[in-house]
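Work through the exercises below with the sequence and the model open. Each task is followed by a solution in steps.

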Amino acid sequence: MRKLLSSLCVLAACGATAKEQPHNIIMVIADGMGPAYTTGYRYYNDDPKTKEVEATIFDKYLVGMASTYPAPVSGYVTDSAAGATALSAGIKTYNGAIAMDVDKNPVETVLERAKQYGLKTGAVVTSQVNHATPASYLAHNEYRRNYNEIADSYVDERINGELKFDVLFGGGWQYFIRDDRQLVKELTSQGVQYIDAYQQLSTLKNDKPALGLFADVGLPHALDDSNRYRLSAMTKTATELLASQDNGYFLLVEASQVDWAGHSNDISAAMAEMDDLAKTIEYLESYVAQTPNTTVILTADHSTGGLTLAAHGEYKWQPALLRKQLHSPKVIAESITKQKLAKSAIDKLFNFELNEDEIALITAATDEAAEKLAAYQKLSEEAQNKQRKPSAEYIVTKTVKKIIDGRTNTGWTSGGHTAVDVPIIAFGKYADKFEGHLDNTDIAKKVFKLLEQHRD
Ligand SMILES: [Zn+2]
């Protein structure tokens, strides 16, 4: 009804009612999304039939850049925990800290302040829901890998007698369904709605908190998931559930796996995650058009992998074939190692025709894997226990990525994070407040300020 009223108001230009609309803040973090990712996505998305390179949704709303360095004790290169704590609480801390300062004192987050002020709150991620970024909004822990403790705190901690979240979507069965604690059962017994499949998103009601866990740990890569646009689907449901007549909401959305693709130097997976993120931002653009009293901010916590759009001194980057990828390199490698495939079947997996050199690389990788496995098999049991069993899948995955990097001429300088600044993209109400060069901590400080209008 509210939506109907407000759209009538837009038509009739009745400003008074529009002013009374509650203010919503949607903070989107694309983990690992340095500038090479947004640029790469522009070329990935380019229509080869037109002369111009089309602008992306990210280009359209770019307002600034943010520095990402952590507290001095951790140098200039941040991890996702310190990066997310800067964005959630507005402070610099040590790498690994979940909403705690360098002295290990908990610091209040924007999500907690929002809950304190009576707003609804939510988090939608493609990692497990207790991973570093969402945890830095919802929990306090001295170390990001204390996954069970972080999950427990989601159930045990209260603000004004309520859970900290009204909506929580992502992965994480193994942390919420355990021998020592059955967190899903504990929550449902307190009236929380629980779903474990994307198809059930539409069944949720907005009068009770909702938990959706869709995978054991993180969700599958966008490329391999049953719904390639799962972040956009979950975000759409979250905005519908959080909308309320009296108060606004604070929603965290994380494209968690841009970072994971970066760590594994996987350009196919990276661009597919960026594509899901772009769909999510396009949805939010249409949402803001209908719900103008909403602020959307998108940034990254850091860049990952040292992604380079053109390697080896050659002046070319050719991402077109990435758009046709049907599977992640890991899934392609799984099929190749499972049985001996004809060349045509391998071409089908890559969705392009491999040349002789590329086929030779695959043969060399499967031979190498077979040799390593045979050598391992010959070892005594004791010697076997001392080392990891060679994984054919791992060896072939590396080769699949090498072939795709070679075709596209993609380069990587690291398996970790890098210290470059990251883009800030903002639209909707108060978007201008996020313009220019900001420090990551400034973003949280500005969100805290926006929340002050809800104080009463
Ligand atoms: Zn990372």
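**Exercise 1. Is Gly96 buried or exposed, and which residues does it contact?**

Step 1. Gly96 has a relative accessible area of 3% and is buried; buried means under 20% relative accessible area, exposed over 50%, and partly exposed in between, with a 1.4 Å probe and protein chains only. The model is a predicted one, in which local features need pLDDT of at least 70 and side-chain atom pairs count only at pLDDT 80 or more, while totals for chains, interfaces and linings use all residues. Residues are numbered from 1 along each chain as its sequence is written, and side-chain values use heavy atoms, with hydrogens and water left out.

Step 2. Helices (H or I, at least four residues) and strands (E, at least two) are DSSP runs, numbered from the N terminus.

Step 3. List the contacts, meaning heavy atoms within 4.5 Å. Leaving aside neighbours within four places in sequence, Gly96 contacts Asp79, Ala81, Ala82, Glu142, Tyr143 and Arg144.

Step 4. Compare chain and space: Thr78 is 18 residues from Gly96 along the chain, and their C-alpha atoms are separated by 9.1 Å.

**Exercise 2. What is the largest C-alpha distance among the residues of the UniProt "binding site", and how are Asp31 and Thr133 placed?**

Step 1. The unreviewed UniProt entry puts the feature "binding site" at Asp31, His131, Thr133 and Glu254. UniProt positions are given in the numbering used here, feature names are shortened, and annotations may be inferred rather than shown by experiment.

Step 2. These residues are spread over 224 residues of sequence, yet they cluster in space, with a largest C-alpha distance of 11.3 Å.

Step 3. Asp31 sits in the loop between β1 (24-30) and α3 (35-44). Its relative accessible area is 1%, so Asp31 is buried. Beyond four places in sequence, the contacts of Asp31 include Ser80, Thr133, Glu254 and Asp301.

Step 4. Thr133 belongs to helix α7 (residues 132-138) and is buried, at a relative accessible area of 0%. Not counting residues up to four places away, Thr133 touches Ile29, Asp31, Ser80, Ala84, Leu252, Glu254 and Asp301.

**Exercise 3. Which residues of α3 and α14 are buried, and what covers them?**

Step 1. In α3, the buried residues are Tyr37, Thr38, Gly40, Tyr41 and Tyr44. Seen down the axis, they fall within an arc of 160°, so they line one face of α3; the arc is that of the directions from the helix axis to the C-beta atoms.

Step 2. The cover over the buried residues of α3 includes α4 (57-60), α12, α13, β9 (303-304), β10 and β13 (422-428).

Step 3. In α14 (residues 329-338), Pro329, Ile332, Ala333 and Ile336 are buried. Their arc around the axis is only 95°, which puts them on the same side of α14.

Step 4. The buried residues of α14 are covered by elements including α13 (267-290), α15 (343-350), α16 (356-377) and α18 (392-408).

**Exercise 4. Which stretch has a pLDDT below 50?**

Step 1. Start from the average: the protein has a pLDDT of 94, and 95% of the residues score at least 70. pLDDT is the predictor's confidence in each residue, from 0 to 100.

Step 2. The pLDDT is below 50 over residues 1-19, a stretch with 12 contacts in the model beyond near neighbours in sequence.

Step 3. Where pLDDT is low, the predicted coordinates should not be read in detail.
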